[in-house]
Amino acid sequence: MLKHDYLPEAFETFGSTKERRKKIRKAVLALDNKVKMEKKCSIDNRCHSGFCPTCLRLLRKKFLRFVQREELAKREWYMVTVFVEGWTKPAGDFEPFGELKNNPIIKKFLKQLRKVGQPDMLLFGSIETVFKVRDNKPIGKPFHLHMLISGASKEQIRVSVRKTIPRPTIGVPLRIDHVQQTAKDLVRSSSYILKQTFWLRSESKKGFKKLESPKPQQLAELLSNLGTHQWGDRFFYIGIRFCYGKFSITPNVKSMFTKKTNNKSHKSHTPLPKTPKK
């Protein structure tokens, strides 16, 4: 039983991240310093490595608490997944992918979306990848984007993607799903956007799909492809700020959101009866 009511039921335990960290650390050491990860990560001295599942668990907890505190489930949200042409690393490739949150394509998309979205728009997203296997044959590591967006219509999102992101012609390169306006649904979606990294995705021609822990060689490739990075380097935002270990809504968006909420509240009041003229 989790003591934090803002966490989803299947949220990873602290113990499980410690065990996972040991395996990742072992894989890092075998890479001859191509990537870096501190030996220890303690409550008094977090390593803040982008490879550390314990640090990522802390970041995820902070974000989900922020989602609850700001009552973001009251807003309308779309969950967006985009696969990008040219972003798939072939199996056996150990070269770093390059820029993560500061990738030029991501910057271009955010700039375009700001042009068409509402002034109080919110977005949080991540760039990630998995080691993909189909019928036991490796087919590569597709880097892709996951985002939650509020303050832009489905069509505005679709147009912004089309104008700025080159997409592959096979599979489902773009998916936009409406999120139900409940705290449970938004928390589940938010947790997925910022989920733990380093997974093996097994698929079959019959439609079977499964996420599991990668084998040592596959894990080493994923570590090398992501390159050395800190815990927040995969995540990007609009209208949200992460500073000194805390998430907050930027002041301009906060004021617009508060004003809009107050206006709705004022309009919902029953008007007072007019004083009859004498």
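This is a predicted model: local features need pLDDT of at least 70, side-chain atom pairs count only at pLDDT 80 or more; totals for chains, interfaces and linings use all residues.
Residues are numbered from 1 along each chain as its sequence is written, and side-chain values use heavy atoms, with hydrogens and water left out.

**Exercise 1. Salt bridges**

Solution. 
- Start with the term: a salt bridge is a side-chain nitrogen of Lys or Arg within 4 Å of a carboxyl oxygen of Asp or Glu. The structure holds 14 of these salt bridges.
- Check the pair: the side chains of Arg 75 and Asp 120 meet at 3.8 Å, N to O.
- Now place both ends. Helices (H or I, at least four residues) and strands (E, at least two) are DSSP runs, numbered from the N terminus.
- Last, look at the cover: Arg 75 and Asp 120 are both buried. Buried means under 20% relative accessible area, exposed means over 50%, and partly exposed is in between (1.4 Å probe, protein chains only).

**Exercise 2. A link across strands and a link within a helix**

Take the salt bridges Glu 203 to Arg 134 and Arg 188 to Asp 185, and find where each one sits.

Solution. 
- For Glu 203 and Arg 134, the closest N and O atoms are 3.2 Å apart. Glu 203 belongs to strand β6 (residues 200–203) and Arg 134 to strand β3 (residues 131–134), so to speak distant parts of the chain, 69 residues apart.
- Check accessibility: Glu 203 is buried at 11%, while Arg 134 is partly exposed at 34%.
- Then widen the view: Lys 132, Arg 134, Arg 201 and Glu 203 are linked in a network of salt bridges.
- For Arg 188 and Asp 185, the N to O distance is 2.5 Å. Both lie in helix α5 (residues 183–193), three residues apart, about one turn of the helix. Arg 188 is partly exposed, at 46% relative accessibility.

**Exercise 3. Aromatic pairs**

Classify the ring pairs Phe 63 with Phe 66 and Phe 97 with Phe 143.

Solution. 
- Set the rule: rings of Phe, Tyr and Trp (its six-membered ring) pair if their centres lie within 6.5 Å; planes under 30 degrees apart count as stacked, over 60 as edge-to-face and the rest as tilted. A search of the whole structure gives 11 aromatic pairs.
- Phe 63 and Phe 66 have ring centres 5.6 Å apart and planes at 50 degrees, so this pair is tilted. They are three residues apart in helix α2, about one helical turn, and both are buried.
- Phe 97 and Phe 143 are stacked, with 4.1 Å centre to centre and 15 degrees between the planes. Phe 97 is in the loop between β1 and α3 and Phe 143 in strand β4 (residues 137–150), so the pair ties together parts 46 residues apart in sequence.
- Phe 97 is buried at 17% relative accessibility, and Phe 143 is buried at 1%.
- One aromatic cluster includes Phe 63, Phe 66, Trp 77 and Phe 124, and among its other members are Trp 231 and Tyr 237.
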